[in-house]
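This report goes through one protein structure feature by feature. Please keep the sequence and the 3D view at hand while reading.

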Amino acid sequence: MNDSCLLDIYGYRALVTCACPEALAGIREDFAFFAKGAAADVISDAVRIDLLDADPPYAEVPDVAANVFTPRNVSYRSGDLTFVDYSGAALGIHDRKRGGFRVFSRNCDLLYEAAYLFLLAQSGEYLDARRLHRVHALGVSVQNCAALVLLPMGGGKSTLGSELLRYPEIRLLSDDSPLIDGGGKVWAFPLRLGLMPGSEGNIPRDKFRTIRRMEFGPKLLVNHSYFADRVAAQADAGLLLLGTRSLSNTCEITPASKIAALRAMLGNCVVGMGLFQGMEFVFQRGWAEVFRKSMAAALRLRASLRLIAKSEIYHVVLGRDIEQNGRAVMEKLRERANKTASTEL
């Protein structure tokens with residue numbers, strides 16, 4: 001019998017059902033911040049995501065040519081349906097008219113990852129329409145003052161985030177994709193902390209799990225329950241750190257220009273580099289869809305400019321000493337938060 005969980009991601013409602021306990025437990029844990037009760041009136045308008053422990057039904061797929069290729073899958077479109085083939089190990093069927101998604105596989109890791117990525121892609125599209133835009137960054141806050149740390153994929157956002165959580169006044173917004181609006185606020189999108197094996201430090205063993213991803217190999221996921229009481233629902237923009245890494249032992253933070261900030265936000269928000277965009281689920285409806293995505297990019301740019309206008313901007317060069325990185329970022333964030341508090345007085 002299938003179990004289920006109901007999610008409400010700032011208005012994007014999804015009912016996930018699954019016969020594989022491990023896959024559903026992962027989705028439940030990652031999206032715990034957005035979990036809701038199973039009220040009948042909410043379920044009626046929720047998108048259905050059904051994860052089926054069954055062989056992929058390739059005999060039912062129409063003979064059509066592929067229309068989107070990604071490193072993790074190939075998709076085919078027929079009428080209102082998109083068929084997503086995960087290298088023969090899983091088959092997803094996306095009903096674009098109703099929004100639902102069914103995934104067939106005997107591999108629980110694949111069921112989990114397909115559902116997770118679908119939720120990211122579809123909720124992201126929905127949130128863009130609501131003028132809430134994802135930023136590829138670590139987001140934390142102190143005293144309602146938010147700091148966004150922009151680093152490339154694999155740059156150490158989650159490692160820095162887990163180090164900052166050692167400071168009791170820190171609140172987490174997201175380790176990878178906080179949301180910004182057009183008024184200069186940063187909104188929480190706390191799913192999990194993703195660490196490379198061996199970097200879990202003192203995190204209790206029962207607070208993380210290992211997944212085997214389609215593209216990048218195994219990764220440790222620190223469960224939402226580890227930091228659930230440390231999440232801030234939202235905070236005001238205050239600090240924007242444009243990050244890179246070095247082999248030095250020291251962490252350096254120096255002033256940066258608004259032009260540098262704009263260049264960084266163009267990649268990490270407007271274009272969305274490093275954010276899962278779900279190409280198999282977008283750009284499938286012709287020029288009208290391209291126009292919609294262009295409008296979304298314009299709204300992201302507007303929100304980015306507002307964030308820049310309300311933030312102090314710095315370059316941060318993270319060294320090999322994780323503790324020193326945390327201390328340096330924490331000092332700068334406290335400084336900014338105290339300055340904001342004194343101005344408000």
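## Terms and source

A residue is called buried when its relative accessible area is under 20%, exposed when that area is over 50%, and partly exposed in between, using a 1.4 Å probe and protein chains only. By this scale leucine 301, with a relative accessible area of 30%, is partly exposed.

The model is predicted: local features need pLDDT of at least 70, side-chain atom pairs count only at pLDDT 80 or more, and totals for chains, interfaces and linings use all residues. Residues are numbered from 1 along each chain as its sequence is written, and side-chain values use heavy atoms, with hydrogens and water left out.

## The sheet

Helices (H or I, at least four residues) and strands (E, at least two) are DSSP runs, numbered from the N terminus. Nine strands form an open sheet with mixed pairing, in the order S3-S1-S2-S4-S9-S8-S7-S6-S5. Strand S3 (35-36) and strand S5 (66-69) are the edge strands, each pairing on one side only. Two strands count as paired if DSSP finds at least two bridges between them.

Strands of a sheet pair through backbone hydrogen bonds, either parallel or antiparallel. Which sense applies to S2 and strand S4 (residues 47-53)? The two pair in the parallel sense, over five bridges. Valine 16 has isoleucine 49 in S4 as its bridge partner.

## Cysteines

A disulfide is a covalent bond between the sulfur atoms of two cysteines. Here the term is applied to a pair of cysteine sulfur atoms within 2.5 Å. How many does a search of the whole structure find? The search finds one disulfide. Cysteine 20 and cysteine 108 form this bond, with their sulfur atoms 1.7 Å apart. The pair links distant parts of the chain, 88 residues apart: cysteine 20 is in the loop between strand S2 (12-18) and helix H1 (21-30), while cysteine 108 is in helix H3 (residues 108-129). The torsion about the S-S bond of cysteine 20 and cysteine 108 is about 120 degrees, so the disulfide is right-handed.

Cysteine 20 is buried, at 3% relative accessible area, whereas cysteine 108 is partly exposed, at 25%. Cysteine 18 is in no disulfide; the nearest cysteine sulfur belongs to cysteine 20 and is 5.1 Å away. Cysteine 18 is buried, with a relative accessible area of 3%, and cysteine 251 is buried as well, with a value of 14%.

## Salt bridges

Side chains of opposite charge can pair when their charged atoms come close. A salt bridge is counted when a side-chain nitrogen of Lys or Arg lies within 4 Å of a carboxyl oxygen of Asp or Glu. The whole structure holds 18 salt bridges by this search.

One of them joins the side chains of arginine 13 and aspartate 45, at 3.3 Å from N to O. This pair links distant parts of the chain, 32 residues apart, with arginine 13 in strand S2 and aspartate 45 in the loop between helix H2 (40-43) and S4. Arginine 13 is partly exposed at 28% relative accessibility, and aspartate 45 is partly exposed at 43%. Another salt bridge joins aspartate 30 and arginine 209, whose closest N and O atoms are 2.9 Å apart. Here aspartate 30 is in helix H1 and arginine 209 is in strand S17 (residues 208-213), 179 residues apart, so this pair too links distant parts of the chain. Aspartate 30 is buried at 0% relative accessibility, and arginine 209 is buried at 19%.

Arginine 98 and aspartate 95 also form a salt bridge, with their closest N and O atoms 3.1 Å apart.

## A surface patch

Leu266, Leu301 and Leu305 make a nonpolar surface patch of about 220 Å². Patches are made of residues with over 30% relative accessible area and no salt bridge, where like charges are joined within 9 Å and nonpolar side chains (Val, Leu, Ile, Met, Phe, Trp, Tyr) within 5 Å. Accessible areas come from the Shrake-Rupley method with a 1.4 Å probe, and for residues only the protein chains shown count as cover. Leucine 301 lies in helix H7 (residues 287-309).

## Around glycine 11

Glycine 11 lies in the loop between strand S1 (3-9) and S2. Leaving aside residues up to four places away in sequence, glycine 11 touches Tyr126 and Arg130, where contact means heavy atoms within 4.5 Å. The C-alpha atoms of glycine 11 and tyrosine 126 are separated by 8.4 Å, although the two residues are 115 residues apart along the chain.
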